[in-house]
Amino acid sequence: MSKDETALTLALLKVLSTRIGAAKKAADKEITESWEVADRNAAVLPRSGTKIGSVTLAKGKRSVDIVDQDAFMEWVLENHPDAIQQVQVTRVDPDFTQRMIAFARATGSTADPATGEEVPGVRVRDGDPYPMTKLEDDAAELVAEAWQSGELSDLIAGLVRPAVEAGES
């Protein structure tokens, strides 16, 4: 490929990838706003009816943070002094912290698994639900065949044409 052809290819891919990214964002938004968590729908080619995958609205990922190190340290000192390590500074044993975080992530609770007491300085947050797409093993081949046969022409044109007509970059 010549430099001109390579430059044109890259510029075209930039325009198309921007448009496809915007279309994916819009589809993700439509799903997250109109589906219930755990809703699942098959992705089926329009003419052949061949399943190429499925989309599920997955629940958001749970994250746990130690948001107040001092409060957490004080609580550990009082309730689990064996988890304190003396180094140049006093700190909670990282393995203990990871066990507490793992428990909180698994249960959604900031309570001490040993005593049930609420642990200060720990926060549990559940992320927003998000669409999760799982493709069939042969999805790439099925999409290539559907594309080559013209089965996806209208769908692909609908994703690309508005951006090209509007002059988006």
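User: Which helices and strands each supply at least two residues of the lining of the largest pocket?

Analyst: First, a caution: this is a predicted model. Now the general idea. Rolling a probe the size of a water molecule over the atoms shows where empty space is left. Here, three helices, α1 (3–34), α4 (139–149) and α5 (153–166), each give at least two lining residues. So do the strands β1 (40–44), β2 (51–58) and β7 (130–135).

User: How much space lies in the largest pocket?

Analyst: About 1100 Å³. The lining has 30 residues, and those closest to the pocket centre are Ala27, Ala43, Ile52, Leu155 and Leu159.

User: How do the lining residues divide into nonpolar, polar and charged?

Analyst: Count each group. The lining has 23 nonpolar residues, four polar and three charged.

User: Which element gives the largest share of the lining?

Analyst: That is α1, with nine residues. Look along this helix. It has 32 residues and spans 46 Å from first C-alpha to last, close to the 46 Å expected at 1.5 Å a residue.

User: Which residues of α1 are buried?

Analyst: They are Arg19, Ala23 and Ile31. Now compare a strand. In β2, seven of the eight residues are buried, so the strand is mostly covered.

User: Is Thr56 buried or exposed?

Analyst: Find Thr56 in strand β2. Its relative accessibility is 11%. Buried means under 20%, so Thr56 counts as buried.

User: How should I read the strands around β2?

Analyst: Start with the general idea. In a regular strand the side chains alternate between the two faces of the sheet. Next, look at the pairing. β2 pairs with β1 in the antiparallel sense over five bridges. β2 also pairs with β7, again antiparallel, over six bridges.

User: Which residue in β2 stands opposite Ala42?

Analyst: It is Ser54. Ser54 also stands opposite Lys134 in β7.

User: How many residues lie between β1 and β2 in their hairpin?

Analyst: Six. Gly49 sits in that turn and has a positive phi of about 75°.

User: Where do these strands meet the pocket again?

Analyst: Return to the lining: β1, β2 and β7 each supply at least two of its residues.

Notes:
Residues numbered from 1 in each chain as written. Predicted model: local features only at pLDDT ≥ 70, side-chain atom pairs only at ≥ 80, totals over all residues. Heavy atoms only, no water. 1 Å grid on protein atoms, 1.4 Å probe; cavity = no way out; pocket = protein on both sides within 12 Å on 5 of 7 lines; lining within 4 Å. Points joined across faces, edges and corners; volume = space filled by probe spheres on them. Helix = DSSP H or I, 4+ residues; strand = E, 2+ residues; numbered from the N terminus. Nonpolar A, V, L, I, M, F, W, Y, C, P; charged D, E, K, R; others polar. Expected span 1.5 Å × (residues − 1). Buried < 20%, exposed > 50% of the residue type's maximum accessible area, 1.4 Å probe, protein only. Pairing = 2+ DSSP bridges.
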